[in-house]
Amino acid sequence: MNIKKRLQEWISIQIARKPSRAILIAIITFNVVFLIIAACLLSGMVPDSAGVHGFWASAYYALSMILDAGNIQFVVADLGETGVTSVIICLVVIVIGMIAFTGCIIGYVTNAIFSFVADANAGTLALKISDHTVILNWNSRASEIVNDLVYSEDSEKIVVLVPEGRDEVEKEIRNRLADTVAQENRIVKELSSGMPFLKRRRYYRKNHFENRMTVIVREGDTFSMKPLMDISLDRAKTVIILNNDEKRGVCRYNAAEREDERMKGNATTVKTLMLVAEITSGENSADDQKIVVEVEDYDNDKDNWTMTQVQRIIEHKERLGKCNIVPIPVNQILGQLLSQFSIMPELNQVYSELFSNRGAEFYCMPADPRKPEGDREEHLSLYQFSVPLAAMESKTGWHYFYMADKENDMYRQTPWTDPGLTVRYNPDYWLPRRNVLILGHNTRMGSLMSGFESFRAEWNPAADGRDILNISVVDDEKNLERMDFYRKYSYVNAPIEADLYDRDTIYKAVNDFIDDQDGDTGILILSDDSVPVEDQDATALTYLIYIQDILTQRRAQNGGKDTERIDVVVEILNPKNYDVVHSYSVNNVVISNRYISKMITQIGDKQPLFEFYSDILTYDDPDTEDYTSKELYIKRVGDYLAEVPPHCSAASLIRAVYRAAVERNPDNLDLVLGYVTEDDRMVIFSGDQTKIMVDLKADDKLILYSNH
């Protein structure tokens, strides 16, 4: 190969590999050669009388003319003396130089700036950042995670990495945060509405809500090393791996096909976790990084493939103090929540408050390993700003768990003398029979029924000797077949087959179920999560219209006497539909995705909370006789206690109920977290318990943290 061909090949390779660098070299080379030629011409052809002496002086004047054409006067001071040839040479140098030097350099720099801005917008530039939260992938729960972090006391930094749709994600985040800020400031304005103008302005300036977060959305491959390192994944404090929402814009046939495939397991989640675990377990990664990964396994009766693979990764990669992996079984948790809400609808309000970063919530702190259980009685006697709940061991050690308004409330106290209030339990108390009608289905029906099963194992039979649960299901044939028509559940009545459009059958089934019950009745409306995003909640909203129509007819017939004992719990997936559902006078609207988001946010900040949540969402193991697990219960005051307590402070009530539980059985634990009035107003005992006054009635309901 001759020299010419080799040169052509080399140039071709350089242009293909780094065209920007090749162009820069070409511009510099041409301008250097041109400047040398121009200097030689000026040195040789311009007369000495023009003041141009030698090569370097000629190069200087040539460059001066290129940068400013007016500098030609220093070379061509007198046209008659200099000569036409010299003038033409100067003009040619100016014209070519302005194009080749000034024009090319300006064009190259402009293009470089444009490319830099484009790369920054496209998210291809490396972020030098630390102590931030990374969210990998995007789904219908993701914006709620970001939204819950806005309530953090610290200025959070969040980096979102999505495979595609960066603009849509940014818009969704922007709109969600704007709604939250507007809502919070609307509340502040309402609270200050009765104040004088100046006082109102001062109050608003002091208490108005601001978004102090920094949110950066990048687009790239979530299971590729470079995009992850470009967002400083190894320096993040928390990494959240979400299941990608693949149903948006997909036809119903393809959506169903993809859902059937996903029900077998999620290989994408496993692949992403493998790479994240590899990075965060490295020697150069930050310490105490937390990886929270969503695991969507749909059928409890089969091996949970995704969870099994995640557990194997944990066994191989997790290193204490480095890579701390917490798998969140999404469907299992949602099934447990929906079953608890069906049995005790008021828990929806309670969990909505306690699972968020706003107001009262659950906290944890390291416990003394020499005395991990602590001294609950000593705490109750000294401190009045928190409720001590449990001590549990996790893989990061022993921790105390408590409910409070702020994290530092665990050991706050105020001058107060316990008046020694006493209460008496009803010795015959037992939970009454629960009647639940389920309309529709979702992909976590197995987990939902498992929640009912564990509750039944702890409380069956009811106080009247009948089965504690009485459940009926109305659904279409396909989904009834998938659940084998609920034959394995003895407490489920024969299912009623009816598709969404079989109005008469649904009306008859609902009316018959209500007529057959002699106690409180719960109606659980489920939202089908296997449909495309644009069709989500359509079935739930249709069922809601049916139920409201039925209740309206019954009120017209008997004055609503039997509708007062009916609680309607509606599951929706898209928070945008909340106002629509709430307008139908339904108090218990369950935004299921929002609960998972809140839990992920809290666990990402305080990892041991996962063990605590797992405990309170699961009733006791039916194979054990001891009530070791602790849950949140809603118990009617007139049934639970032998007599209604007198007017007292929350501090007095908490301690009186605790003492009564211990006196009855030293292994019992009953801690009052608040109460719900008969008109569904909830009061949580957060803040200074000595200042919260309680005036209970028999129909009010206590919120209890209890082992039974």
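The chain is built from 24 helices and 21 strands. The coordinates are those of a predicted model. Of its 708 residues, 51% count as buried. Among contacts in the chain with a separation of 6 or more, 75% are made by residues 24 or more positions apart. The chain exposes about 34000 Å², and carbon and sulfur atoms supply 52% of that area.

## Aromatic pairs and charges over rings

The structure holds 23 aromatic pairs. One of them joins F355 and Y613, whose ring centres lie 4.6 Å apart with 55° between the planes, a tilted arrangement. This pair links distant parts of the chain: F355 belongs to the loop between α14 (347-354) and β7 (361-366), Y613 belongs to helix α22 (residues 609-616), and 258 residues separate the two. F355 has a relative accessible area of 0% and is therefore buried. Y613 counts as buried because its relative accessibility is 1%.

W459 and Y633 form another pair, with ring centres 5.6 Å apart; the planes meet at 70°, so the pair is edge-to-face. Distant parts of the chain are again linked, since W459 lies in helix α16 (residues 445-459) and Y633 in strand β16 (residues 631-636), 174 residues apart. W459 is buried, with a relative accessible area of 1%, and Y633 is buried at 0% relative accessibility.

F355 and Y613 also belong to one aromatic cluster, together with F341, Y351, F362, F401, Y595, F612 and Y705.

R412 is placed over the face of F385, 4.0 Å from the ring centre. K635 is placed over the face of Y633, 5.1 Å from the ring centre. Y633 thus has K635 over its face and is also the edge-to-face partner of W459.

## Helix α18 and its surroundings

Helix α18 (residues 503-516) has 14 residues. From its first C-alpha to its last it reaches 20 Å, close to the 20 Å expected at 1.5 Å a residue. Its buried residues are I506, Y507, A509, V510, N511, F513 and I514. These buried residues pack against the strands β10 (434-439), β11 (469-475), β12 (496-497), β13 (521-525) and β14 (566-572), and against helix α19 (538-558).

E534 lies in the loop between β13 and α19, two of the elements against which the buried residues of α18 pack. E534 counts as exposed because its relative accessibility, 52%, is over 50%. Its C-alpha is separated by 9.6 Å from that of N574, which is 40 residues away along the chain.

## Strand β1 at T133

T133 lies in strand β1 (residues 133-136). With 4% relative accessibility, T133 counts as buried. Leaving aside residues up to four places away in sequence, T133 touches L149, E156, K157, I158, V159, K237, T238 and I240.

## Backbone features and cysteines

A cis peptide bond, with omega of about -5°, joins N460 and P461. P461 is found in the loop between α16 and β11. Helix α16 is also the element that holds W459.

D288 and Y486 are not glycines, yet D288 has a positive phi of about 60° and Y486 has a positive phi of about 60°. D288 is placed in the loop between α11 (267-280) and β5 (289-295), whereas Y486 is found in the loop between α17 (477-482) and β12. D288 is partly exposed, with a relative accessible area of 49%; Y486 counts as buried at 2% relative accessibility.

The count of disulfides comes to zero. Two cysteines, C364 and C648, may be described by their accessibility: C364 counts as buried at 10%, and C648 counts as buried at 8%.

The table gathers accessibility values for several residues discussed above.

| Residue | Relative accessibility | Class |
|---|---|---|
| T133 | 4% | buried |
| D288 | 49% | partly exposed |
| C364 | 10% | buried |
| Y486 | 2% | buried |
| E534 | 52% | exposed |
| C648 | 8% | buried |

Definitions and conventions:
Residues are numbered from 1 along each chain as its sequence is written. This is a predicted model: local features need pLDDT of at least 70, side-chain atom pairs count only at pLDDT 80 or more; totals for chains, interfaces and linings use all residues. Side-chain values use heavy atoms; hydrogens and water are left out. Helices (H or I, at least four residues) and strands (E, at least two) are DSSP runs, numbered from the N terminus. Buried means under 20% relative accessible area, exposed over 50%, partly exposed in between (1.4 Å probe, protein chains only). Contact means heavy atoms within 4.5 Å. Accessible areas come from the Shrake-Rupley method with a 1.4 Å probe; for residues, only the protein chains shown count as cover. Rings of Phe, Tyr and Trp (its six-membered ring) pair if their centres lie within 6.5 Å; planes under 30 degrees apart count as stacked, over 60 as edge-to-face and the rest as tilted. A charge sits over a ring if NZ of Lys or CZ of Arg is within 6 Å of the ring centre and within 35 degrees of the ring normal. The expected span of a helix is 1.5 Å times one less than its number of residues. A disulfide is a pair of cysteine sulfur atoms within 2.5 Å.
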